[in-house]
Amino acid sequence: MTSARSSRAWSHPALPFFILSASVLLIGLLSVPISTYLTLKRVYLNRPLTWSPPPHEHVALRIIPGSSHYEMGSEAWDKLLPLGGHVVHLREPDGSIKTYTVAMFHQLRCVEILHRAYVDEGSHRTSPPVQSCLNYLRQTMLCAMDTRNEPQGAVYTHNGFETLCYDWEGIFREAERNHEEFHRYSLDHELGTTLDY
């Protein structure tokens with residue numbers, strides 16, 4: 001009975017097509033020079049790790065003093081950064097990979113750290129990352145020198161005010177693209193990633 005089943009399997013009408021297809025595929029793979037495989041591997045493993053944010057475009061933003069979305073302790077504070085955090089990874093001319101902090105994301109990371117410190121009352125007084133962030137934010141605000149006039153009093157308190165800002169969504173998309181590329185690179189090279197505060 002077993003031999004009858006075996007002979008039927010070998011006499012299946014699709015078998016010659018399968019054998020022919022497999023043979024053609026194998027011959028095709030073997031006919032490609034090994035240098036082509038090595039080139040493909042080198043290109044694949046040496047994918048460019050770049051940082052190319054889009055040109056800054058202006059958007060209007062209403063700045064308000066309070067937000068139900070960003071109340072102290074809300075989950076929104078934990079989602080200020082793109083998927084890869086505050087860093088991007090770039091391939092240097094010598095082929096090495098170097099990690100950089102994007103200033104805008106570093107500032108948001110500091111806001112996240114300050115928020116967490118104030119939610120965990122008291123830790124803001126002694127935490128080195130909190131003290132570092134306060135100083136970093138002070139310096140970057142001085143460097144940016146936003147000199148627009150902001151309304152004070154009741155108008156600001158109740159209605160906020162509109163201002164012109166740069167659209168940050170393209171920068172977030174570019175950071176997440178870089179993170180995905182670095183993630184694939186890390187898997188290819190079995191690297192681990194660590195982020196400081």
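Student: Does Arg-109 count as buried or exposed?

Tutor: A residue is called buried when its relative accessible area is under 20%, exposed when it is over 50%, and partly exposed in between, with a 1.4 Å probe and protein chains only. Arg-109, at 15% relative accessibility, counts as buried. Over the protein chain, buried residues make up 24% of the 197 residues.

Student: What kind of model is this, and how are its residues numbered?

Tutor: This is a predicted model, in which local features need pLDDT of at least 70 and side-chain atom pairs count only at pLDDT 80 or more, while totals for chains, interfaces and linings use all residues. Residues are numbered from 1 along each chain as its sequence is written, and side-chain values use heavy atoms, with hydrogens and water left out.

Student: How many helices and strands does the protein chain have?

Tutor: Both are DSSP runs numbered from the N terminus: helices are H or I with at least four residues, strands are E with at least two. The protein chain has seven helices and four strands. From the N terminus on, the order is α-α-α-β-β-β-α-α-α-β-α.

Student: How many residues does helix α4 have, and how far does it reach?

Tutor: The expected span of a helix is 1.5 Å times one less than its number of residues. Helix α4, residues 103–119, has 17 residues and reaches 24 Å from its first C-alpha to its last, close to the 24 Å expected.

Student: Which elements do the buried residues of α4 pack against?

Tutor: Packing is read from contacts, that is, heavy atoms within 4.5 Å. The buried residues of α4 include Phe-105, Arg-109, Ile-113 and Ala-117, and the buried set packs against β3 (97–101), α5 (128–144) and α7 (169–189). For a pair of positions in α4 and α5, take Ile-113, one of the buried residues of α4, and Gln-131, which lies in helix α5. Gln-131 is partly exposed, with a relative accessible area of 43%.

Student: What share of the contacts between residues at least 6 apart in sequence joins residues at least 24 apart?

Tutor: In the protein chain that share is 72%.

Student: Where in the structure do Glu-112 and Arg-109 form a salt bridge?

Tutor: Side chains of opposite charge can pair when their charged atoms come close. The criterion for a salt bridge is a side-chain nitrogen of Lys or Arg within 4 Å of a carboxyl oxygen of Asp or Glu. The structure holds six of them. Glu-112 and Arg-109 meet at 2.4 Å, N to O. Both are in helix α4, and because they are three residues apart, about one helical turn separates them. Glu-112 is buried, with a relative accessible area of 8%.

Helix α7 holds Glu-181 and Arg-184, three residues apart, about one turn of the helix; their side chains meet in a salt bridge of 2.7 Å, N to O. Glu-181 counts as buried at 10% relative accessibility, whereas Arg-184, at 35%, counts as partly exposed.

Student: Which salt bridge links distant parts of the chain?

Tutor: Asp-78 and Arg-116 meet through their side chains at 4.0 Å, N to O. The pair is 38 residues apart, with Asp-78 in the loop between β1 (58–63) and β2 and Arg-116 in helix α4. Arg-116 counts as partly exposed at 38% relative accessibility.

Student: In which sense do β2 and β3 pair?

Tutor: Two strands pair if DSSP finds at least two bridges between them. β2 and β3 pair in the antiparallel sense over five bridges, with Val-88 opposite Tyr-100 in β3. Their hairpin has five residues between the strands, and there Gly-95 takes a positive phi near 95 degrees. Four of the five residues of β2 (residues 87–91) are buried, so the strand is largely enclosed by the rest of the structure.

Student: Which strand does β1 pair with, and over how many bridges?

Tutor: β1 runs antiparallel to β4, and six bridges join them. His-58 stands opposite Tyr-166 in β4. Strand β4 (residues 161–166) has a covered face of Phe-161, Thr-163 and Cys-165 and an uncovered face of Glu-162, Leu-164 and Tyr-166.

Student: Which residues make the nonpolar surface patch?

Tutor: Accessible areas come from the Shrake-Rupley method with a 1.4 Å probe; for residues, only the protein chains shown count as cover. Patches take residues with over 30% relative accessible area and no salt bridge, joining like charges within 9 Å and nonpolar side chains (Val, Leu, Ile, Met, Phe, Trp, Tyr) within 5 Å. Met-72, Tyr-118 and Val-119 make a nonpolar patch of about 310 Å². Val-119 is found in helix α4 and is partly exposed, at 40%. The protein chain exposes about 14400 Å², of which carbon and sulfur atoms supply 61%.
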